[in-house]
Amino acid sequence: MKGHRSCAMAPCVLRSCIGVSQAISWSKSVLLLKRGIMTACRSPPTYRKCHSYGVPKLSPQEVSSILRINEASYDVNSSSVRAFDANQLSSNIPIEDRICVARCRYTTGMLFGVFDGHGGADIAEVVSQRLFDYIALTLLPFSILKELVQSNLDLCGRLTETYTEVTLSPKLLHIHNKSLRKYAIQILETGESYDFQMQQALSQAFLKLDNDLSDEIQDIKHADLELLPFAIMGACACVAHIDGSHVHLATSGDCRAVLGILSDANKWICKPMGYEHNTDNVDEMRRVLSEHPKSEANTVIKNERLLGQLAPLRAFGDFPYKWKSNLLKKLLLPAFGIGIMPPNYYTPPYLTAKPEVFYHHLTARDRFLILATDGLWEQMLPHKVVKFVGEHMSGKQTLDLLRLPRKQMTLDQINEILMQRHIGLSKKPIDTNASTHLIRNALGRTEYGVEHSRLSAMLTLPDEAVRNFRDDISVIVVFFDTEFLRHSPAE
């Protein structure tokens, strides 16, 4: 593909080892608890006789090979977007995260998205393959939309040029095209007079796809029940539409995005583009509670989860939290058992895919945008993520704040620690890909730099234990063209 700068594998590595599940357990799918990273007691290199995390099982070369297997970098040079780096590291087997990047064929925008699946990978897969078509369709000028519908050609594959391969089965592609055409006709029936707003268009595309997924799963024509397991899976999404100096960010769930801004004093500033939709978000908690009777105040959110079960408060799929009780009993209860019915299920829907949409007008101070699933944000604070990428652009290493390992240390001992930090700061980043650099530091950083034994330990955790320490991590770093933005009109 034109614009390809460097890539460890073919463009399809932006998604890893994916496909519709071949076998799904006929039992209630319960989300794994989010757990924090267990920290080991560390001491400076001078005072330890062995590695803090034991003798490394992997060599530095093996660690780098694992971290880089899914990385990709592209030169784009499309108005404000200069390039982007992307990478993924799995925790679940198979990985439940997805990444998608595309260019709109009939409009001038680019789309970047990260998708975090739960309960299985299939909804994240389907949403990542279909959502951009829904967005591109919603953004089409009326005349072009009318011409495409009248041509009677398949719409999927014609609306966007993706940097990933199509992985949906022929059957799912047929269903997608059928629903997409129906959506196009619905838009045409509204006429040309509606007042277009970008925020509303993104929200409409999210909700329309989620509604179509619901209808497709319920369609009695799918008598082989191939789509029924999709009903109990879900996916969070974070999507950026970048068109010139205009950035719109739509987020539904616990994926996040942040802007990296270089201040006049050459300091890196982190600007959040949206917030996680979980119980840490007070405004989101209030929204959910306000949509149900006061009699449910103690049951809608319980144990920091929706109905005591689901961590994200917005998501695609997860229809046991959206469908009416009689539909759950008719379709899902026979297949998945009584456990599929959430407790205290009185006034559905409790969950929505409707995104929050944020806008930012780019200036020459805006250098990059980072989109990532919550596997990254669980390991690093947003302002540190921005600093790591910013310093990486300058070929510099970033360290955590120094914490002395014990009290009453001598000046010679403190000086030795400072010397170790000086060595760490003098090292150049070993990854050219900014997303890989973030993943490496998220899992292996210490106040002295990336510790190989820690990184090796995090990459060799047994399958049954790895989710206790880290989640799937997917990252896109979008780099802006400073010269283009310098000559762009002010907001």
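R286 and D283 form a salt bridge, with their closest N and O atoms 3.7 Å apart. This is a predicted model. The two residues sit 3 residues apart in helix 6 (residues 282-290), so about one helical turn separates R286 from D283. R286 is exposed, because its relative accessible area is 56% and the cut-off for exposed is over 50%. D283 is exposed too, with a relative accessible area of 55%. Salt bridges that share partners also join E284, R287, E291 and R314 into one network.

## The protein as a whole

The protein has 13 helices and 18 strands. Of its 491 residues, 55% are buried. Take the contacts with a separation of 6 or more: residues 24 or more positions apart account for 76% of them.

## More salt bridges

Side chains of opposite charge can pair when their charged atoms come close. How many salt bridges does the structure hold? The structure holds 15. The table lists some of them.

| Pair | Closest N to O distance |
|---|---|
| R286 and D283 | 3.7 Å |
| R365 and D264 | 2.8 Å |

Start with K208 and D212. Are these residues buried or exposed? Both K208 and D212 are buried. They belong to helix 5 (residues 198-218), where they are 4 residues apart, so about one helical turn lies between K208 and D212.

Now take R365 and D264, which pair in a salt bridge at 2.8 Å. R365 lies in the loop between strand 14 (356-361) and strand 15 (366-372), while D264 lies in the loop between strand 9 (256-262) and strand 10 (268-272). The pair therefore ties together parts that are 101 residues apart in sequence. R365 is partly exposed, with a relative accessible area of 31%. D264 is exposed, at 67%.

## Helix 4 meets helix 5

Two packed helices are described by the angle between their axes and the distance between the axes. For helix 4 (residues 170-189) and helix 5, the axes come within 11 Å and cross at roughly 130 degrees. The two helices are therefore oblique to each other. Helix 4 and helix 5 make a right-handed crossing.

Which residues of helix 4 and helix 5 meet? Helix 4 brings I175, S179, Y183, Q186 and I187. Helix 5 brings Q204, A205, K208, D212 and E216. By class, this contact of helix 4 with helix 5 has 4 nonpolar, 3 polar and 3 charged residues.

## Helix 9 meets helix 11

The axes of helix 9 (residues 382-393) and helix 11 (residues 434-444) come within 10 Å, and they cross at roughly 130 degrees. That angle makes helix 9 oblique to helix 11. The crossing is right-handed.

On the helix 9 side, the contact is made by V385, F388, V389 and H392. On the helix 11 side, A434, H437, L438 and N441 take part. What classes do these residues fall into? The contact of helix 9 with helix 11 has 5 nonpolar and 3 polar residues, and no charged ones. The contact of helix 4 with helix 5 includes 3 charged residues.

Conventions
Residues numbered from 1 in each chain as written. Predicted model: local features only at pLDDT ≥ 70, side-chain atom pairs only at ≥ 80, totals over all residues. Heavy atoms only, no water. Axes fitted to C-alpha atoms, helices over the stretch in contact; angles between N-to-C directions. Parallel < 35°, antiparallel > 145°, perpendicular 65-115°, else oblique. Left-handed = near helix turned anticlockwise from the far one by under 90°. Contact = heavy atoms within 4.5 Å. Nonpolar A, V, L, I, M, F, W, Y, C, P; charged D, E, K, R; others polar. Salt bridge = Lys/Arg side-chain N within 4 Å of Asp/Glu carboxyl O. Buried < 20%, exposed > 50% of the residue type's maximum accessible area, 1.4 Å probe, protein only.
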